[in-house]
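Trainee: I have not looked at this one before. Can we walk through it together?
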Amino acid sequence: MLFARPKFLFIAAIAVMVLTVFGSACGDDDEEGETPTPSGATGTPAGLTGELEIFSWWTTGGEAAGLQALYDLYPGVCPGDVEITNATVAGGGGAQARQVLTTRMQGGDPPGSFQVHMGHELIDTWVTTDYMEPLDDLYAEEGWNDIFPQGVLDIVSFEGHPYSVPVNIHRANVLWYNKTVLEANNIDPPESFDDFFAAADTLEAAGITPLALGDVEVFAATQLLETTLIGSLGADDYNGLWTGETDWAGDDVTAALDNLKRMLSYTNDDHSSLTWDQANDLVINGDAAMTIMGDWLDADNTAKEFTDSGWVPSPGTSGIYDALSDTFGLPKDAPNPDAVNCWLKLVGSKDGQEAFNPLKGSVCARTDCDSSLFDEYLQSAADDWKSDAIVPSLAHGAAASPAWLGEINDAVTAFVTDEDVGTFQGRLADACVNADVCQ
Ligand code: GAL
């Protein structure tokens, strides 16, 4: 089942929560788009001036390095004298940044462009509420309708119009490990929950924290919930959670939450005061053996020059790609829209994506990037993206509406402290009802 034929099961229908089957992530090589210039971006305006404010939560080593690579390319792609303001609000997963962004957008003070996850986060928060400009002309000019996979085009669009430009595809379900630590304890990288729990017992007996977690921002714990649900239920039943087809109150979900509770019992005691990248430091220095985190951790390892890292899909998720994407759009009444448009051209261009993604730990959203520019992990991720079953990330805005995710985040926060599976499952079941997806 896990190695089912390529099918792309990202949840795309935003308002009505209908499961949509993606087109091929590989794109259609036979179709011709507009011929790009050598820069990969076409028709760039000349003589741009003024300020361009780019808003994101990319502040850690690999995140900042990727963003800087785009900034460095901007003057070449967008001639003139634009001054870029790097407006960041720190905090993995972006919860704090989204709060600041919401205040600004609602107060009529939008940045030029901002980082936003494709799917529900983009559409429910900013598109259906009429805060964004459609980007049909830009997509047509740049030939992007032939360059991005159909499933990606679907999920950045509303009523047939694209509203943001995807710069990457991230994978959330990766177990990263310290190779030396596992080898020294005669442990093979765990593929199943049974493997994981056996490895964790061995590591604990050796005085090593089996699983590093840094959930000072709740996304890290919610992401552990999501990867455990995927690994326990499989792709189809996980997808059914977001359409009402899988029963949140059922025994299979209970078993998944039991797995999560057991996973949490193997984490570092100070997890609630660490960030995701501080948790990775525990793995890097050998105090912990493993961590489950999205592949922005690959970029963290690159930035920290840590080369002793191995990876496998998180327990039970081989053959499944838990996906999310960072995108940028054009807010209505954005200052300096010409400079923003050129930023968006860069973000969607081949050169831009080939510069950004190797540093950011993500694969291109485009289908034509040169794989030789990417490290071994990212090359394997790009292969998996083309062949795995694709499911939407909960923690990163793709699977559920922002309000539903907020309710799940609150339930997760309580669960990591009280560890009460029954109460947790009840809250999760209620959240689905409150989201009008379950009855
Ligand atoms: C995700 C985002 C990634 C990475 C991560 C940690 O939400 O999509 O690009 O930045 O948070 O901050």
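Mentor: Start with Ser380, which counts as partly exposed because its relative accessibility is 23%, and buried would need a value under 20%. Keep in mind that this is a predicted model.

Trainee: Which helix is Ser380 found in?

Mentor: Ser380 belongs to helix H15, which covers residues 376-387.

Trainee: What lies 2.7 Å from a polar atom of its side chain?

Mentor: That is the backbone oxygen of Tyr377. As for Val363, 17 residues away from Ser380 along the chain, the two C-alpha atoms are 9.8 Å apart.

Trainee: Switching to pockets. How much space lies in the largest pocket?

Mentor: About 440 Å³. Its lining is made up of 25 residues, and Ala95, Arg98, Pro402, Leu405 and Asn409 lie nearest the centre.

Trainee: Which elements give two or more residues to that lining?

Mentor: Helix H2 (95-106), strand E3 (113-117), helix H3 (120-127) and helix H16 (402-418). H2 gives the most, with 5 residues.

Trainee: And how many of the lining residues are nonpolar, polar or charged?

Mentor: The lining has 11 nonpolar, 11 polar and 3 charged residues.

Trainee: Last topic, confidence. What is the average pLDDT of the chain?

Mentor: The chain averages 92, and 90% of the residues score at least 70.

Trainee: Where does pLDDT stay under 50?

Mentor: Over residues 1-40, although the model has 107 contacts for them beyond four places in sequence.

Conventions. Residues are numbered from 1 along each chain as its sequence is written. This is a predicted model: local features need pLDDT of at least 70, side-chain atom pairs count only at pLDDT 80 or more; totals for chains, interfaces and linings use all residues. Side-chain values use heavy atoms; hydrogens and water are left out. Helices (H or I, at least four residues) and strands (E, at least two) are DSSP runs, numbered from the N terminus. Buried means under 20% relative accessible area, exposed over 50%, partly exposed in between (1.4 Å probe, protein chains only). A polar contact is a pair of N or O atoms within 3.5 Å; within protein, one must be able to donate a hydrogen and the other to accept it, and residues adjacent in sequence count only if both atoms are side-chain atoms. pLDDT is the predictor's confidence in each residue, from 0 to 100. Contact means heavy atoms within 4.5 Å. On a 1 Å grid over the protein atoms alone, a cavity is a set of points where a 1.4 Å probe fits but cannot get out, and a pocket is an open set with protein on both sides within 12 Å along at least five of seven lines; lining residues have an atom within 4 Å of a point. Grid points are joined across faces, edges and corners, and a volume is the space filled by probe spheres set on the points. Ala, Val, Leu, Ile, Met, Phe, Trp, Tyr, Cys and Pro count as nonpolar, Asp, Glu, Lys and Arg as charged, and the others, Gly among them, as polar.
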